[in-house]
Amino acid sequence: MTATASASASASSFAYKAMHVNNGMASRYELKATLTKIRSLESKLSMTHKGLRSLNSVDECRIRRIAKVTTQQRKFKSEEARPSRTIVCGMTMSFVGMEVGPWSKTGGLGDVLGGLPPAMVANGHRVMTIAPRYDQYKDAWDTGVIVEVEVGDRTEKVRFFHCYKRGVDRVFVDHPMFLEKVWGKTVSKIYGPIAGEDYEDNQLRFSLLCQAALEAPRVLNLSSSKYFSGPYSEDIIFIANDWHTALIPCYLKSMYKPRGIYKSAKVAFCIHNIAYQGRFAFADFSLLNLPDEFKSSFDFIDGYDKPVKGRKINWMKAGIIESDKVLTVSPYYAQELVSGIDKGVELDNILRNSGITGIVNGMDVQEWNPLTDKYIAVKYDASTVMAAKALLKEVLQAEVGLPVDRSIPVIGFIGRLEEQKGSDILVAAIPQFIRGNVQMVVLGTGKKLMEKQLEQLEILYPDKARGVAKFNVPLAHMIIAGADFILVPSRFEPCGLIQLHAMRYGTIPIVASTGGLVDTVKEGFTGFQMGAFNVECDAVDPVDVSAVATTVKRALATHGTSALAEMIQNCMAQDLSWKGPAKKWEEVLLSLGVPGSEPGIDGEEIAPLTKENVATP
Ligand SMILES: Nc1ncnc2c1ncn2[C@@H]1O[C@H](COP(=O)(O)OP(=O)(O)O[C@H]2O[C@H](CO)[C@@H](O)[C@H](O)[C@H]2O)[C@@H](O)[C@H]1O
Ligand SMILES: OC[C@H]1O[C@H](O[C@H]2[C@H](O)[C@@H](O)[C@@H](O[C@H]3[C@H](O)[C@@H](O)[C@@H](O)O[C@@H]3CO)O[C@@H]2CO)[C@H](O)[C@@H](O)[C@@H]1O
């Protein structure tokens with residue numbers, strides 16, 4: 001085995017499969033008694049557990065059966081006590097990704113790994129996230145657990161750091177390949193020194209993450225809450241996010257299952273953006289420490305010129321083929337991905353074969369809450385939105401140095417500056433509408449050329465537009481709250497979170513008709529649709545430019561009308577939280593049939609606000 005553990009395991013997690021507790025005070029005694037019994041069960045199991053990894057499969061099954069029986073007994077006892085609330089460990093899962101908000105984030109991937117896991121916990125599941133440790137996070141402690149993994153031709157030692165927030169075990173993989181490169185604030189340099197440039201050793205970095213992720217549930221003995229403690233069950237579902245984690249199903253099959261480990265574990269692969277696939281020279285397969293039989297899953301003929309045409313390895317292709325289930329972040333994007341070579345970016349055929357399920361993203365309704373938002377001067381809800389937004393607009397105008405005048409409608413844009421987001425289309429469209437009664441505030445970082453375009457806005461339209469080429473979370477909140485409209489002119493958009501944030505703040509989205517923007521914005525009811533844009537990224541299509549200008553003018557015409565006030569109310573009345581999406585995720589993960597998986601409960605997404613969550617160097 002290439003990955004070896006130096007940690008000891010003690011209590012059994014599957015001893016906590018289901019627990020019922022009353023809401024009332026009286027139930028605490030009963031809960032305490034139940035917990036005492038469980039602890040005694042734990043200590044009985046602990047000796048067995050110490051040798052768990054060396055047990056043969058028959059013994060393991062027996063232990064699982066014992067645990068299952070105790071679960072049933074506990075359920076029965078609780079039923080006698082007529083529980084009014086149930087805490088269930090329905091499934092055991094681990095989300096793996098290169099970003100996890102708020103500790104690390106370059107965009108929406110970090111948001112999803114930050115927000116979806118707590119919503120799964122609220123439904124009663126045991127949940128871990130695994131991401132690199134890019135900084136000296138003040139809230140994550142060294143577990144002291146070290147594993148060794150084979151990366152390329154080297155053996156590397158990896159440490160695990162951990163904290164427990166909003167019910168989620170947040171695990172951080174500590175290795176110089178992460179920490180040395182991404183120093184300082186964690187919003188940048190995760191994938192490369194600058195936007196558009198990758199680290200040369202990215203394949204090794206991601207291989208290390210994937211191997212560490214497979215070790216973590218086995219070697220960490222986490223006792224984070226009274227309901228869940230001890231090592232994670234091997235009956236676990238890994239949720240691999242984007243191409244960086246595509247080796248997880250491969251290592252699971254090549255390193256673990258043949259040794260009788262993680263025999264029933266499954267992998268769900270979630271595509272947040274098909275534009276990034278991890279295409280490399282075919283010879284690089286040897287870096288991955290995988291047996292030759294996996295070659296065919298990576299084998300890919302690249303139809304594009306950049307950087308060179310021809311035979312490659314394609315990580316995402318392998319992730320799709322080797323996983324048990326493929327998901328993406330909206331139903332419409334799922335349809336687009338299988339529709340043809342352009343939108344499926346040459347993996348459409350593979351996805352037609354595997355099948356793909358789209359579940360629209362939720363948003364973090366704690367971080368983005370107009371009633372409590374620490375970045376906005378006036379807090380508000382649907383009943384006070386009109387007055388509050390007028391004031392917040394003035395704050396925004398003053399902040400970016402535009403003339404302060406609440407009667408001027410303000411349009412905002414926030415996003416990574418890549419062709420995907422269409423900031424170049426926006427820049428081309430601005431001259432067609434900026435002469436009217438309107439101001440623009442554009443915030444984004446990314447490609448240097450696009451950052452320059454933003455910075456030019458102030459020079460070209462001094463009283464009308466501002467471009468801020470920074471990653472600036474407070475300003476993002478101020479724009480979402482203070483603008484009247486948010487423009488999302490994406491060439492493609494798997495889901496998009498900006499429009500969700502905007503709607504929650506009563507800011508009307510004007511969106512391209514693609515991906516999750518189609519699923520989440522209803523023309524004339526919660527926003528304005530501009531039609532689908534040309535996905536060809538090398539040029540700005542004049543048709544798209546005029547679609548932006550025309551729709552912006554259409555939206556501006558509603559400013560100050562009762563129709564717009566109604567749309568604001570429609571937007572704010574929606575439940576955009578992770579609660580609904582988490583239930584859909586649960587359904588899909590249950591269908592994988594991992595032993596011991598049970599449906600969760602109808603939990604509330606909300607867990608206590610944890611502002612200490614925010615990592616600072
Ligand atoms: N300059 C800046 N300053 C401050 N904050 C900034 C910022 N630029 C971006 N952000 C923040 O980053 C996030 C971007 O969210 P998007 O959904 O647009 O993500 P992105 O395209 O990165 O992610 C991909 O993954 C997500 C998650 O699945 C999909 O929704 C999306 O369609 C897909 O492209 C938002 O929280 C936004 O506020
Ligand atoms: O959360 C934001 C996005 O983060 C991820 O995208 C990153 C991508 O996976 C990386 O490969 C890299 O992309 C660069 C690409 O590799 C390079 O060839 C060139 O095209 O430039 C790209 C941009 O620098 O960085 C991306 C983040 O910028 C995640 O995969 C996405 O789903 C998220 O949207």
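Which residues is His477 in contact with, leaving aside its neighbours within four places in sequence? The legends below take up this residue after an overview.

**Figure 1. Overview of the predicted chain.** This is a predicted model, in which local features need pLDDT of at least 70 and side-chain atom pairs count only at pLDDT 80 or more, while totals for chains, interfaces and linings use all residues. Residues are numbered from 1 along each chain as its sequence is written, chains are lettered from A and ligands numbered from 1 in the order in which they are written, and side-chain values use heavy atoms, with hydrogens and water left out. The chain has 19 helices and 21 strands (DSSP runs numbered from the N terminus, helices being H or I with at least four residues and strands E with at least two). Of its 617 residues, 59% are buried (under 20% relative accessible area, with exposed meaning over 50% and partly exposed in between, for a 1.4 Å probe and protein chains only).

Figure 2. Leaving aside neighbours within four places in sequence, His477 is in contact with Glu367, Trp368, Asp373, Tyr375, Ile376 and Tyr505 (contact means heavy atoms within 4.5 Å). Because its relative accessibility is 0%, His477 counts as buried.

Figure 3. Not counting residues up to four places away in sequence, Leu417 touches Ser423, Gly444, Thr445, Gly446, Lys447, Met450, Glu451 and Leu454. The C-alpha atoms of Leu417 and Leu449 are separated by 9.0 Å, although these residues lie 32 residues apart along the chain.

**Figure 4. Crossing of helix 12 (residues 423-433) and helix 17 (residues 542-556).** The two axes come within 8 Å and cross at roughly 50° (axes are lines fitted to C-alpha atoms, for helices over the stretch in contact, and angles run from 0 to 180 degrees between N-to-C directions). Helix 12 and helix 17 are therefore oblique to each other (angles under 35 degrees count as roughly parallel, over 145 as roughly antiparallel, 65 to 115 as roughly perpendicular and the rest as oblique). The contact is made by Ile425, Ala428, Ala429, Gln432 and Phe433 of helix 12 and by Asp544, Val545, Ser546, Val548, Ala549, Val552 and Lys553 of helix 17.

**Figure 5. Buried residues of helix 17 and what covers them.** Among the buried residues of helix 17 are Asp544, Val545, Val548, Ala549 and Val552, and what covers its buried residues includes strand 16, helix 12 and strand 19 (485-488).
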